[in-house]
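Open your viewer and keep the selection tool at hand. We will go stop by stop, and each stop says what to pick.

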Amino acid sequence: MKNRFLLLGLLLLTFGCRNNEKERLTVRIEGLQEDSLICAYMTPATIRDRQPMVQRMIGGQKSADGKSVEFRVTTPDDEQLYRMILAPRGYRGDGPRQTIQLFLLPGENDLRVEGKYEGEHQTIDYTLTGSPVQEEWLERQKVIEPLEMQLGMLGMTASFVQPGSGVADSLQMQMQVLADSISSLKTDYIAENPSAQLSAYYLTTIGDPYLVDSLYRGLDDSVKNGPFKAWLDLQNEEIAKVFAAEEARTAMAGGGVAPDFTLPGLDGKDFTLSSLFNKEGRYIVLDFWGTWCSWCIKGMPEMKKAYAELGNGRQVEFVGIDCGDTEEAWKKGVEKHGLPWIHVRAEGDDIPVRYGIEAFPTKIILAPDGSTVRRFTGEDPAFYTCLDSLVRAAR
């Protein structure tokens, strides 16, 4: 499960604060030359509605001596839990400690951040007061952050190393050891402190759904129903989808018939998958993709070539199932890349979960009767070899 609190996206960009917003914290940074700060945040509501992080510029007030800038940070309300990133206007994102990361619990309106900016490396060292939970988190970060920095540096090094080489394998082993150490520090804390609110926060940063499910069961009700409840509920929803998707993959792996669906096509008319079953002995290819998926787009030329040879009313029916796009982005993507086969759009997670989709692109080959032949996750050349073999054998 992906941790969604990772990026500063390009989103809603405004300057200053809005009317009727709640002032939540004061941030004073020494050594900062600009009098503006990037503020990006998200809430359980924005994630559930598939909205990107909200990002805007906030203006600050320079001190009389010009050595520091003070910012007043607001949010639309103080009833939700906000996860927030603050960064200087010239933020590069190419090194550690370049941002201030924090969470605002419901009702917390008197937080204060004191930071010191070092211009050459664009790093910010900071302290926070006004939130006991977060003060404890920052204190524990003194142990965890160095490990996270090492992990990040190894990951950056690994990106320049030839995959499959001895050096790459060694780096992967080192990264796994560090990742396990970080996870252990968090999971040990949760297991030893089931009534601490910080345990809830740590739980939302762990990616293993089975581990999260087990640890959640051990939390006190005061934590399950505390200020992190909305985030924990959201995480539990995602875990339920992971488990359901695994069950779906298992059911389909045995050659089970693909779940039927009816989804809107490009022309607005409904398309039903079973309408292709037992249609002149043609195999069916289901391509789960999205315009936001770079690997999906990179694979489209090969898909178009396969469609030209096998589809278009010949031996194979191709069905593209768009996931995670707006209707507008989906239609523009199909037109831009000239994708001539059947296209439908899955709004929400129901269809991807029923098909056990764990990554994009995923291509599933169905036999003419709708039973599952084989699944391919990622852009895999073996898909085209398999499809070609099946068609040749059926001639």
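Which residues of the largest nonpolar core touch the most other members? Select L25, V27, M84, L86 and F228: these are the ones, in a core of 63 residues. Bear in mind as you look that this is a predicted model.

**Stop 1**

Leave aside its neighbours within four places in sequence, and L86 is in contact with V27, L37, I38, C39, V73, T99, I100 and L102. Pick C39 from that list. C39 counts as buried because its relative accessibility is 0%, under the 20% cut-off. In soluble globular proteins, nonpolar side chains tend to be buried together.

**Stop 2: the whole protein**

Zoom out. The C-alpha trace spans about 80 × 45 × 45 Å along its principal axes. Colour by secondary structure, and you have 12 helices and 15 strands. The protein has 395 residues, and 45% of them count as buried.

**Stop 3: colour by confidence**

The average pLDDT of the protein is 90, and 95% of the residues score at least 70. Next, select residues 1-17. Here pLDDT stays under 50. The model still has 45 contacts for this stretch beyond four places in sequence. Where pLDDT is low, the predicted coordinates should not be read in detail.

**Stop 4: the eight-stranded sheet**

Show the strands as a cartoon. In what order do the 8 strands of the open sheet lie? Trace them as β6-β5-β2-β3-β4-β1-β7-β8, with mixed pairing. Select 100-104 for β6 and 123-129 for β8: these are the edge strands, and each pairs on one side only. Direction ignored, neighbouring strands of this sheet are turned by 25° against each other on average.

Find Y82, then look across to L104 in β6, which stands opposite.

Then select residues 132-158. This is helix α2, and it lies across β6, β7 (111-118) and β8. Helix α2 runs at about 150° to β6.

**Stop 5: a hairpin**

Select residues 362-366 and residues 372-377. These are β14 and β15, an antiparallel pair joined by 5 bridges. L366 has T372 of β15 as its bridge partner. The hairpin has 5 residues between the strands. Click on G370: this residue takes a positive phi near 95°.

**Stop 6: the cysteines**

How many disulfides does a search of the whole structure find? The count is 1. Select C293 and C296, which the disulfide joins, S to S 2.4 Å. Look along the S-S bond: with 80° about it, the link is right-handed. Is C296 buried or exposed? C296 is buried, because its relative accessible area is 2%. C293 counts as buried too, at 6% relative accessibility.

Finish with C386. C386 is in no disulfide, and the nearest cysteine sulfur, that of C296, is 19 Å away. At 14% relative accessibility, C386 counts as buried, because the cut-off is 20%.

Technical notes:
Residues numbered from 1 in each chain as written. Heavy atoms only, no water. pLDDT = per-residue confidence, 0-100. Contact = heavy atoms within 4.5 Å. Core = buried A, V, L, I, M, F, W, Y, C linked by side-chain atoms within 4.5 Å. Buried < 20%, exposed > 50% of the residue type's maximum accessible area, 1.4 Å probe, protein only. Pairing = 2+ DSSP bridges. Helix = DSSP H or I, 4+ residues; strand = E, 2+ residues; numbered from the N terminus. Axes fitted to C-alpha atoms, helices over the stretch in contact; angles between N-to-C directions. Disulfide = S-S within 2.5 Å.
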